[in-house]
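Subject: Structure handover and findings

Hello,

Here is the structure we discussed. Please open it alongside these notes.

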2 protein chains.
Amino acid sequence: MNEAQTRTGATEAVSHADMANAIRALSMDAVQAAKSGHPGMPMGMADVATVLYRDVLRFSANAPDWPNRDRFVLSAGHGSMLLYSLLYLTGYPGMTIEEIKNFRQWGSKTAGHPEYGHAAGIETTTGPLGQGIANAVGMALSERLLNARAGNDLINHHIYCIAGDGCLMEGISQEAISLAGHLRLGKLIVLFDDNGISIDGSTSLAVSDDQVARFAASGWNTMRIDGHDPEAISKALATARADSSKPWLIACRTVIGYGSPARAGTAKAHGEPLGPDEITATREKLGWPYQPFDVPEDVLNAWRALGAAHEGEVEAWNKRISSASSDVQALFAKPVGEPRAKALAAAVTAAKTQFAADESQKATRVWSQLTLEHLVPALPELIGGSADLTGSNGTRTSHHKSVTPDDFSANYIHYGVREHGMAAAMNGLALSGSIIPYGATFLVFTDYCRPSIRLSALMHQRVIYVMTHDSIGLGEDGPTHQPVEHLSALRAIPNLHVMRPADGVETAECWELAIGATKTPTILALSRQGVPRLRTDASSENRCAKGAYVLDEAEGARDVTLIATGTEVGLARSAAKQLAERGIKAAVVSMPSMELFRAQDDAYREETLGAAPRIAIEAAIAQSWYEWLRPGDRFVGLKDFGASAPAGELYKQFGLTADHIAGIATELVK
Amino acid sequence: MNEAQTRTGATEAVSHADMANAIRALSMDAVQAAKSGHPGMPMGMADVATVLYRDVLRFSANAPDWPNRDRFVLSAGHGSMLLYSLLYLTGYPGMTIEEIKNFRQWGSKTAGHPEYGHAAGIETTTGPLGQGIANAVGMALSERLLNARAGNDLINHHIYCIAGDGCLMEGISQEAISLAGHLRLGKLIVLFDDNGISIDGSTSLAVSDDQVARFAASGWNTMRIDGHDPEAISKALATARADSSKPWLIACRTVIGYGSPARAGTAKAHGEPLGPDEITATREKLGWPYQPFDVPEDVLNAWRALGAAHEGEVEAWNKRISSASSDVQALFAKPVGEPRAKALAAAVTAAKTQFAADESQKATRVWSQLTLEHLVPALPELIGGSADLTGSNGTRTSHHKSVTPDDFSANYIHYGVREHGMAAAMNGLALSGSIIPYGATFLVFTDYCRPSIRLSALMHQRVIYVMTHDSIGLGEDGPTHQPVEHLSALRAIPNLHVMRPADGVETAECWELAIGATKTPTILALSRQGVPRLRTDASSENRCAKGAYVLDEAEGARDVTLIATGTEVGLARSAAKQLAERGIKAAVVSMPSMELFRAQDDAYREETLGAAPRIAIEAAIAQSWYEWLRPGDRFVGLKDFGASAPAGELYKQFGLTADHIAGIATELVK
């Protein structure tokens, strides 16, 4: 007896149409009550979603965090009422009918787009198109990685993702599709809501792609079905589940706003309430004579039975994990990595001790790699990777092995030249709750993955972005590859730590902070060029933890404070030495993280920055520095794009030299 | 007698191999001299480039701006020495052998990646992968648009684009390919450098796509050829030129670093100098016994003959344009639109007059649409569009018609849900020198197209980004759709004007400034929600031109200055009224553009902002405001992401109310 049969048994008294119409009615009613929203997609995909939940999805409403649950990702996040309807109908805790009635209102769990953390059962924040399908690829990758680590008994589930035309038009979808096809992530099943309508009207206004051929070109299995035929949907899902050799695209031909006599199949159904008259007409056409928000008891019971159907599986899983090895148990501890806090601390201390004793000039990207040599064995949850810049980014260590379609026990991912897909996949990996992902590219290319970085921050996910070649110090590659505005632009994103360490010891400390920030993503901005050793202390105190600190105090009352980050801290120290020779007492403050510094109390901040004139130094534009400067203080950095030349030449040309800084300081203290 | 025959005649004494080897030798020598760079790609694609220039490319080295030239776009910009070699060999003015020797040095024309404007013949700045192919799509679109306007005799050319594996892995390439296929841009011919190698090693580490099938799925014609077989290349190009029904992909199987005995076909050939010994061995293997940077006279002459081969065509074209209609001539005037300066001024004045007299509350996106109703007929060079948000963005007017594969005489482009592809295509449109493109999405989705916005700024292109729904005022769609950090993050980009008008008159003025900024792209940040009329003056003076100005002066000496942008200026005025009732004299400053304000002299800036305490108000984060605030001044805005609720509720919850602002001001002036 298979699952589907059991469950069909449990719900046999209620028709498929009634179950699907419950979704349609709740969706149109909630959008109407909110006076805004998107009824068309939930109404169009209600049949597919109903069959998915009825016949195949392994989930348990009362155990929304069960690690081995199937994932359901609504990439077309504007259709949020589809998801909220499903969560309410299947009985997720907290998703009451009141929440449905409060769709899109202040303080409700039912935001305009699904927001991770607002309600149990929302697997990821979607809405910015294409993100969900790329998260789903990350989830499918995490399923394989965890399967290889925990075994088939503990992790072996599917990832279902509903994507619309909009998702598939976004470039990120190609990166995701291509990566999933390459890695042959066969547990991933994408249900394409092929309704032929987007906001401007028929999709034929703007797109002529053969999506099925496109997915096939990236190594996917594909099918086309009628998205309103329950039997066809059920059969397609069974076929896809039975063959996990490659990811699956099921293109579901649907009618947007299905059931609405006047609006079905039109762009009008997409993004606005149907209006009371059309809702009445729709109820009639669907044969759904109930009051707004009213779901008859038998229909609700049938749905609730689905929400409870897998409770036994969850219990059995809990038993299995309780007898698993401590290494496997640690994978599912929250927050991930915490069981290994001691090993982490020891690894960081070992790294700091090594670096503090090493006089050689190395780039901070190299210090980062050397830090990883300690971290990777201590913390097996760390899964590294790079967007085809492995050697440049220094993200691979002697403890790494490349993940391939045939080996998911490995721990290093070749993301390809797909920065956006990488970042979104890392969000999916982090959402597993069992992986700490880090991935790399050049800092300038944070622009390519910025929408996903923003979602890491919005979703409070610990994703670590290793962003090297962090200034004009990148040199000859020129202005297209030189970040000048990126540090400020990233510091602008809420709940994101932007860390720019100055030497080996600071780099190890910043890694420790990144791993410790369980609710916050981190950008590690690392240099291409070498830096002098600045810190020779290797105590367990993490001096970067306060965001900024006095690296060198002036002897006696300060005449001037030099504040810098990363590669410019060494310059500041050199300038301070020149100033000392002139009898000017300069303190040097290293500020690896403005966010952490902002979080300190006023007294610490004032004591650190001091009352003397301040000069901030960063090989970038000034914008984020004004917060720490007063009228009369100075900034030494860039005002425009960089240029192509060796790094030393550029630093000279742009006035980033100890001489120039000392000159400005001398003038300032006159 | 066809072109190819003539030209083969002119170069018949010199072998194809020698011509191609000249590129290879210059490339490896220049990279070696620079001690950095990418020899592998120019060496691998030298055969394709040689045949392209010899047999088909219609260009004239001495007329690099000839509007009807074929375009050659090197999307794989790291292979810049391929382009520089071609420009030197064919005799582009200024591209001397000294420039080749100074590859990647300060002040040279030969930057690490091709920089538009550095040397004649560089059609666009490339290096950030995928941008070039998307620019090429814009160029192919511009070719069709201008063909429809100027006629076959004046505009009828091809666009050739070399793209590598990296370009095709980037998501933006999919948006570009999909758009080009949909619009059937048959003059576009993409030459895929299918060398199977990327930085991390074999592309098989990260990608398994069938690129030919992928392009075919988007409606392209496709071919596979041996990229080292001159006859096959020539034949393929002839075939592609003969059939312009769809764009063409020619996948050229090549060996990276062709000619290098030890490194050909390896990742080592990609991004570092070959080294003196390997260069010697390569010279021997290629049969190129000449000194570094030395090209024998006969080979150079053969290349130079190609550079001069179309001078007659240019001359004939110049004759034709001189007898064309003034409307057609205006298309090719520099800067574009200048001949219509009077019409532009009249349109803006008409809009301002209309808006100043209109008391109704309208969103600034609506004022923008009403402005466009005046601008579009006055300035036929304006080509509008939206990434599938036409109605929401207000980008379409009664003067618009949709561009379709069968009608390029139209002036409105449905870019689809392809923000990144849209922005890069707009760069391509602007680079034609004959079009002023504007395109739209929500402000939050500037993140999706940020790499291309940065290139608009770096290339000094007048691209106008109409970015609506510019704050939490977007309301119910919630934090994924609400920009909070984007104004600051965009203000961080050099040479970009970020304009946030406060009412109808300001919106018209900002449009005037955007069109007038011939060397600078503009972001117009526009509201979803209505704003009160603030300006009733409709004089020809553009008050936004100084970036900020005193909208309401206090009666008598100021007690406080309220500084705001966009939708918050009305709030500031309301707060000032409340304050006046309390006897507190508040001035209101509108600051539509920080960039233009920064460019004013100190005296104006100080006079505008005043000596009194300042309160800055913007429904966004503070970062970019600290520049205008002193210790003790205040900022009213957001510190974190927004939320999903009606806009009015959000403004209340986040303290963006006249009451709250007046309260803070009262406290501040105590």
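B:R535 counts as buried, because its relative accessibility is 2%. Buried means under 20% relative accessible area, exposed means over 50%, and partly exposed lies in between (1.4 Å probe, protein chains only). This is a predicted model, in which local features need pLDDT of at least 70, side-chain atom pairs count only at pLDDT 80 or more, and totals for chains, interfaces and linings use all residues. Residues are numbered from 1 along each chain as its sequence is written, chains are lettered from A and ligands numbered from 1 in the order in which they are written, and side-chain values use heavy atoms, with hydrogens and water left out.

Salt bridges

The partner of B:R535 is B:E509. The two form a salt bridge, with their closest N and O atoms 2.6 Å apart. B:E509 sits in helix α21 (residues 504-516) of chain B and B:R535 in the loop between β15 (530-531) and β16 (549-552), so the pair ties together parts that are 26 residues apart in sequence. B:E509 is also buried, at 0% relative accessibility. A salt bridge here is a side-chain nitrogen of Lys or Arg within 4 Å of a carboxyl oxygen of Asp or Glu. Helices (H or I, at least four residues) and strands (E, at least two) are DSSP runs, numbered from the N terminus.

B:D537 and B:R543 also meet in a salt bridge, at 3.9 Å from N to O. B:D537 is partly exposed at 24% relative accessibility. B:R543 is partly exposed as well, with a relative accessible area of 24%. In chain A, shared partners join A:K352, A:E509, A:R535, A:D537 and A:R543 into one salt-bridge network.

Over all chains, the whole structure holds 74 salt bridges. One of them links A:R283 and A:D29, with the closest N and O atoms 2.9 Å apart. A:R283 lies in helix α11 (residues 276-286) of chain A and A:D29 in helix α2 (residues 16-34) of chain A, so this pair ties together parts that are 254 residues apart in sequence. A:R283 is buried at 11% relative accessibility. A:D29 is buried at 6%.

B:A514 lies in helix α21 of chain B. B:A514 is buried, with a relative accessible area of 0%. Setting aside neighbours within four places in sequence, B:A514 is in contact (heavy atoms within 4.5 Å) with B:R462, B:I464 and B:T522. The C-alpha atoms of B:A514 and B:E618 are 22 Å apart, and 104 residues separate the two along the chain.

A helix crossing

In chain A, the axes of helix α4 (residues 80-90) and helix α12 (residues 297-308) come within 7 Å and cross at roughly 90°. That makes α4(A) roughly perpendicular to α12(A), a label for angles of 65 to 115 degrees. A:L86, A:Y88, A:L89 and A:T90 in α4(A) meet A:L300, A:W303, A:R304 and A:G307 in α12(A). The residues of this contact divide into five nonpolar, two polar and one charged.

Domains

Chain A is assigned domain 1 (16-315), domain 2 (338-525) and domain 3 (547-669). The bounds come from an automatic or database domain assignment. The C-alpha centres of domain 2 and domain 3 of chain A lie 26 Å apart. Their contact takes 24 residues from domain 2 and 32 residues from domain 3.

Best wishes

Note on methods: Axes are lines fitted to C-alpha atoms, for helices over the stretch in contact, and angles run from 0 to 180 degrees between N-to-C directions. Angles under 35 degrees count as roughly parallel, over 145 as roughly antiparallel, 65 to 115 as roughly perpendicular and the rest as oblique. Ala, Val, Leu, Ile, Met, Phe, Trp, Tyr, Cys and Pro count as nonpolar, Asp, Glu, Lys and Arg as charged, and the others, Gly among them, as polar.
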